[in-house]
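Subject: Structure handover

Dear colleague,

Here is the structure I said I would pass on. My notes on it follow below.

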Amino acid sequence: MRCLPFLKRKVLLSLPALLALTLLVGAMSVWTAKAANPPVSGTVTKSLSSSWRSEAVVSHTVDLGPYRLLAVAVMIRADESVSSVTYADQSLTLAKAQNASGLAAEQRVEIWYLINPPLGTANVIVHLVSSANPSAIAAVNFTGVDQTDPIGETAGNNGTGTGFTVTINTANTDSLIFGAASIRDGDSYPFEPDGDITELWDETTGSDNVDDDGLWGGELEAPTANNDYILHATYTVNDYWAIACIELKAAPAPTFTSIVAYKDAYKNGDTVTLTVTLADNNTACDLTADFSNIDDQYISGTEAVVNWGTDELDNNSDGHTDEPAEQG
């Protein structure tokens, strides 16, 4: 009996979903799924100041995306520090703070984060322990980040010279290294990063030379666990610098709570319905069905995806229709 040509279809889910997939076929093989790795950066919002301030208010927009994380980098002099950071009235957690001895001549960088920040535009509010001058804030959106335990390893370094560098040894595969640096003297800007490092910002707080700071932020994909990755950039001024970096862990591949076939045997022209129920937070995954062993006695090649978030039915029997839990 002749086999039909190989058939492969992908369905993209962008929100937690109950997915009903109807297939005019006769036999199904095992479903597979994969998540997008590594994490990906998005919108960057900055606030730069060359005057004294004890609080910074930065309007920032968090865009729609799966497995979201908001990171806020604060770049100041080493005798200053941050007391708290909030976004949309939610408190961020300190991931890494880096400075040397805390002297005013040195630099300091802090990185804070918030898992699953609310969508839309709201204020990032940074409260300093005391006033700082100069100072810089950078808020960065990320997607594809583990929502249960987002931060892997952290690292930081301080020094003097015409380049900054930090080495981080990753704990996970398919991570993203995110780092921020502060360099004494505005003339240190611009920067020349090494290798595959991607710049997220390359700035200065002003143009008053030693009264201002050079500011840098970047990322580096880290596909291998237990490996050293280096963030390094050069510039022309020989002065104090500080850099902090964190490992953002990739969101895990989704797991299924159930896959149910409603018929045991099919004949030519039958409709086969599979219902796939995704576990919590399993978003933006590809579902791949492999129908390579379909017999030619059946009709194939027609698939229809039903979005339970728009069909005006209460598919999960919770008393609501077309709610976010049914989107798919």
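A salt bridge here is a side-chain nitrogen of Lys or Arg within 4 Å of a carboxyl oxygen of Asp or Glu. This is a predicted model, so local features need pLDDT of at least 70 and side-chain atom pairs count only at pLDDT 80 or more, while totals for chains, interfaces and linings use all residues. Residues are numbered from 1 along each chain as its sequence is written, and side-chain values use heavy atoms, with hydrogens and water left out.

Overall fold

The chain has 0 helices and 22 strands (DSSP runs numbered from the N terminus: H or I of at least four residues for helices, E of at least two for strands). Of its 328 residues, 47% are buried; buried means under 20% relative accessible area, exposed over 50%, and partly exposed in between, with a 1.4 Å probe and protein chains only. For contacts (heavy atoms within 4.5 Å) between residues at least 6 apart in sequence, 80% join residues at least 24 apart.

Strand S6

In S6 (residues 69-77), 9 of 9 residues are buried. S6 runs antiparallel to S10 (residues 107-115), with 9 bridges between them; strands count as paired if DSSP finds at least two bridges. Leu70 stands opposite Leu114 in S10. S6 also pairs with S12 (residues 135-143), again antiparallel, over 7 bridges, and there Met75 has Ala136 as its bridge partner.

Salt bridges

The whole structure contains 5 salt bridges. Lys46 forms one with Glu203, with the closest N and O atoms 2.6 Å apart. Lys46 lies in S4 (residues 40-49) and Glu203 in S16 (residues 198-204), so this pair ties together parts 157 residues apart in sequence.

Arg77 forms another with Asp213, at 2.8 Å between the closest N and O atoms. Arg77 is in S6 and Asp213 in S17 (residues 213-222), so parts 136 residues apart in sequence are tied together. Arg77 counts as buried at 9% relative accessibility, as does Asp213 at 0%.

Asp149 forms a salt bridge with Lys249, the closest N and O atoms being 3.0 Å apart. Asp149 is partly exposed at 43% relative accessibility, whereas Lys249 is buried at 12%. Salt bridges that share partners join Arg77, Arg184 and Asp213 into one network.

Glu247

Glu247 is in strand S18 (residues 228-248). Glu247 is buried but has no salt bridge, and the nearest side chain of opposite charge, Lys249, is 7.6 Å away (Lys and Arg count as positive, Asp and Glu as negative; His and the chain ends are not counted). The Glu247 side chain does reach the backbone nitrogen of Asn172, at 3.1 Å.

Regards

Terms used: Polar contact = N/O pair within 3.5 Å; in protein donor to acceptor, adjacent residues only side chain to side chain.
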